Amino acid sequence: MADSGASPRHTARLRWTALGVSLVVAGMTAMAFAAVPLYDAFCRVTGFGGETQVADATPTTALSREMTVRFDATTSGGIPWRFKPEQLDQTLAIGESGLAYYRAENTSSKPIVGVATYNVTPAKVGIYFNKIDCFCFTEQRLEPGESMLMPVAYFIDPAIADDVNLDDVSSITLSYTFFEQAS
């Protein structure tokens with residue numbers, strides 16, 4: 001029998017090393033695919049990065065402390081829409097329900113489907129800013145030249161009053177950016 005030059009112990013070690021490297025590569029690949037959904041879930045739960053919350057109903061009580069909510073609108077990715085808030089700001093009591101409107105208009109000659117991303121600033125209030133209903137929850141389709149008024153129903157959670165890190169906050173900016181949905 002010819003000597004292959006490698007001892008059985010050396011061959012076993014090479015197999016274990018190859019298996020270990022393969023498992024590390026597979027694990028890193030899995031983590032790369034899981035990173036975006038995990039980060040999104042983390043932001044939704046913690047309000048990190050100004051991610052807002054979704055609620056089913058408004059609180060039963062409102063506080064005497066008021067906040068001003070400012071509204072911002074932009075487009076990105078070359079979407080041929082005009083997009084703007086119908087009001088610049090609203091002042092309401094913490095816990096009180098607010099209703100704001102944004103208007104979008106398709107300035108192109110073809111139907112466009114858009115999707116809106118959103119956040120609030122300062123980012124530390126994201127966990128307390130709740131939306132009950134929002135145009136941003138679904139895609140929006142506008143025909144050529146069509147204009148649409150889109151509502152967002154929201155409130156600021158009264159629990160914000162218990163967070164001493166937010167005692168200095170008197171205004172919040174709610175920002176939306178519309179992107180064209182890929183076909």
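Entry 1: I started with R82 and found a salt bridge to E105, with the closest N and O atoms 2.9 Å apart. I counted a salt bridge when a side-chain nitrogen of Lys or Arg lies within 4 Å of a carboxyl oxygen of Asp or Glu. R82 sits in strand β3 (residues 81-85) and E105 in strand β5 (residues 98-106), so I noted a link between distant parts of the chain, 23 residues apart. I took helices (H or I, at least four residues) and strands (E, at least two) as DSSP runs, numbered from the N terminus.

**Entry 2: ground rules.** The model is predicted; I used local features only at pLDDT of at least 70 and side-chain atom pairs only at pLDDT 80 or more, while totals for chains, interfaces and linings use all residues. Residues are numbered from 1 along each chain as its sequence is written, and side-chain values use heavy atoms, with hydrogens and water left out.

**Entry 3: accessibility of the first pair.** Is R82 buried or exposed? R82 is exposed, at a relative accessible area of 53%. E105 is partly exposed at 25% relative accessibility. My cut-offs were under 20% relative accessible area for buried, over 50% for exposed, and partly exposed in between (1.4 Å probe, protein chains only).

**Entry 4: a pair between loops.** I then checked K124, which forms a salt bridge with D168; the closest N and O atoms are 3.4 Å apart. K124 lies in the loop between β6 (112-121) and β7 (129-134), and D168 in the loop between β9 (147-156) and β10 (171-180), so this pair ties together parts 44 residues apart in sequence. K124 is partly exposed at 41%. D168 is exposed at 58%.

**Entry 5: a network.** Salt bridges with shared partners join K84, E86 and R103 into one network. For E86 and K84, I read 3.9 Å between the closest N and O atoms. E86 is partly exposed at 36%, and K84 is partly exposed at 47%. How many salt bridges are there by this rule? The count is six.

**Entry 6: the core.** I turned to the largest nonpolar core, which has 35 residues. Such a core is a set of buried Ala, Val, Leu, Ile, Met, Phe, Trp, Tyr and Cys residues joined through side-chain atoms within 4.5 Å. F83, Y102, F135, L174 and Y176 touch the most other members. β2 (66-75), β3, β5, β6, β7, β9 and β10 each supply at least two residues of this core. Which strand gives the largest share? I found β9, with five residues.
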